[in-house]
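This briefing is meant for a reader who is meeting the structure for the first time.

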Amino acid sequence: MKSIGFLSFGHWSDTAGSQTRSAQDVLLQSIDLAVAAEQLGLDGAYFRVHHFARQLASPFPLLAAVGARTSRIEIGTGVIDMRYENPFYMAEDAGAADLIAGGRLQLGISRGSPEQVIDGWRHFGFAPAEGESDADMGRRHAEVFLELLKGEGFARPNPRPMFPNPPGLLRLEPHSAGLRERIWWGSASDATAVRAAQQGMNLQSSTLKADETGEPFHVQQARQIRAYRQAWAEAGHSRSPRVSVSRSIFALTNDTDRAYFGRGDSSDQVGVIDNMRAVFGRSYAAEPDRLIEQLRADEAIAEADTLLLTVPNQLGVEYNAHVLESMLTHVAPALGWR
């Protein structure tokens with residue numbers, strides 16, 4: 001068995017062929033797609049966070065809305081850039097959204113990636129401390145956030161409060177017990193995956209990874225996952241970790257699928273991103289029988305317990321529900337994922 005969810009970047013543009021012409025369109029359709037995915041039997045609805053872009057950006061209103069409209073499906077992010085986040089405010093928002101969803105939040109966070117503008121986090125009021133890089137700042141924000149999620153009191157109460165206080169130091173409210181164990185770290189390298197394990201976070205590994213050996217993407221990603229699991233065991237955590245990978249996968253079952261995605265095989269690509277040599281994983285698009293064989297050879301998918309399917313959200317809810325249903329019906333059972 002494998003947990004299967006979708007991952008939406010939430011693109012919107014007022015262009016020909018787009019079913020998401022505005023920010024309102026993409027927000028409302030994201031909720032509708034999560035509802036449809038739950039009805040189909042999918043396990044997760046995940047959303048990317050990009051600032052200063054015509055994409056989804058502020059995750060917690062959306063996560064809370066999805067939580068209120070669904071009852072079973074996991075709701076998550078992949079990922080929140082912690083360079084932009086006030087961890088105190090984020091802890092309150094996350095606690096509220098998780099309580100609305102009944103404890104179904106799965107929050108992916110990370111130190112960040114290249115964005116639309118130069119040093120965008122500065123516009124949010126943040127700057128690295130002396131001797132820090134922006135990545136260091138993002139990791140520091142994450143560490144504070146993780147500490148706050150423990151729910152321990154840290155603030156001295158006012159001796160003359162407006163409302164009665166419980167005894168002792170006060171914590172942020174609302175607090176959602178268990179959310180700390182449902183935080184994931186988006187990792188692009190083996191070293192950051194190991195660090196995530198040491199800190200007791202689940203692992204999100206996407207379709208981009210630091211090219212550390214020159215091997216195919218899925219081979220390097222599988223090695224990253226194994227290094228993470230070993231570090232988790234060595235850290236002595238009491239629970240089992242979770243690992244997700246994301247892929248663009250399309251089962252070609254009708255003429256519309258073939259028109260959109262039937263362009264032949266793709267392959268890994270190598271490039272430089274954020275001054276890092278990176279390998280970008282291939283997309284999969286084929287008739288179901290051939291697709292099953294291709295996916296069977298993907299070592300990283302085999303290592304992961306959770307698979308996030310990136311969706312072409314601008315093609316609308318109905319078509320994306322079809323894409324997800326095709327995977328659940330024609331592909332997942334043959335691979336033992338269902």
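Which residue's side chain meets that of R140 in a salt bridge? The partner is E132, and the N to O distance between the two side chains is 2.7 Å. The model is a predicted one, and the points below should be read with that in mind.

**Salt bridges**

- The structure holds 24 salt bridges, and side chains of opposite charge can pair in this way when their charged atoms come close.
- In the pair formed by R140 and E132, R140 counts as partly exposed at 33% relative accessibility, and E132 is likewise partly exposed, with a relative accessible area of 23%.
- R242 and D305 meet through their side chains in a salt bridge of 3.5 Å, N to O. Because R242 lies in the loop between α7 (217-235) and β8 while D305 lies in the loop between α10 (299-303) and β13, the pair ties together parts that are 63 residues apart in sequence.
- D305 is partly exposed, with a relative accessible area of 23%, and it also belongs, with E74, R229 and R242, to a network of salt bridges.
- The side chains of E287 and R258 form a salt bridge at 3.1 Å, N to O. This pair links distant parts of the chain, with E287 in the loop between β12 and α9 and R258 in helix α8 (residues 255-261), 29 residues apart.
- The C-alpha atoms of E287 and R258 are separated by 9.1 Å, and both residues are partly exposed, E287 at 36% relative accessibility and R258 at 33%.

- The largest pocket has a volume of about 1000 Å³, and of the 41 residues that line it, the closest to its centre are F9, R48, S113, S206 and L208.
- Several strands give two or more residues to the lining of the largest pocket, namely β3 (74-81), β5 (183-186), β6 (202-205), β8 (243-247), β11 (276-280) and β13 (306-310).
- By class, the lining of the largest pocket is made of 16 nonpolar, 20 polar and five charged residues.
- The second largest pocket holds about 240 Å³ of space, and F60, Y84, E85, Y89 and D93 are the closest to its centre among the 13 residues of its lining.
- Helices α2 (59-69) and α3 (87-100) are the elements that give two or more residues to the lining of the second largest pocket, and that lining divides into eight nonpolar, three polar and two charged residues.

**Cavities**

- Rolling a probe the size of a water molecule over the atoms shows where empty space is left. A search of the whole structure finds four cavities of 30 Å³ or more.
- The largest cavity has a volume of about 80 Å³, and its lining includes A91, E92, G95, L148 and H175. Helix α3 gives the most to this lining, with three residues.
- Six nonpolar, four polar and one charged residue make up the lining of the largest cavity.
- About 70 Å³ of space lies in the second largest cavity, and among the residues that line it are F6, S8, Q29, N313 and N320.
- At least two residues of the lining of the second largest cavity come from each of β1 (3-8), α1 (23-40) and α11 (317-331), and α1 gives the most, with four residues.
- The lining of the second largest cavity has four nonpolar, seven polar and no charged residues.

**Surface patch and a distant pair**

- F52, V117 and F124 together make a nonpolar surface patch of about 250 Å².
- V117 is placed in the loop between β4 (105-110) and α4 (120-123), and with a relative accessible area of 30% it is partly exposed.
- M276 is found in strand β11 and is partly exposed, with a relative accessible area of 24%.
- M276 and D98 are 178 residues apart in sequence, and their C-alpha atoms are 35 Å apart in space.

How values were computed
Residues are numbered from 1 along each chain as its sequence is written. Side-chain values use heavy atoms; hydrogens and water are left out. On a 1 Å grid over the protein atoms alone, a cavity is a set of points where a 1.4 Å probe fits but cannot get out, and a pocket is an open set with protein on both sides within 12 Å along at least five of seven lines; lining residues have an atom within 4 Å of a point. Grid points are joined across faces, edges and corners, and a volume is the space filled by probe spheres set on the points. Ala, Val, Leu, Ile, Met, Phe, Trp, Tyr, Cys and Pro count as nonpolar, Asp, Glu, Lys and Arg as charged, and the others, Gly among them, as polar. Patches are made of residues with over 30% relative accessible area and no salt bridge: like charges are joined within 9 Å, nonpolar side chains (Val, Leu, Ile, Met, Phe, Trp, Tyr) within 5 Å. Accessible areas come from the Shrake-Rupley method with a 1.4 Å probe; for residues, only the protein chains shown count as cover. A salt bridge is a side-chain nitrogen of Lys or Arg within 4 Å of a carboxyl oxygen of Asp or Glu. Buried means under 20% relative accessible area, exposed over 50%, partly exposed in between (1.4 Å probe, protein chains only).
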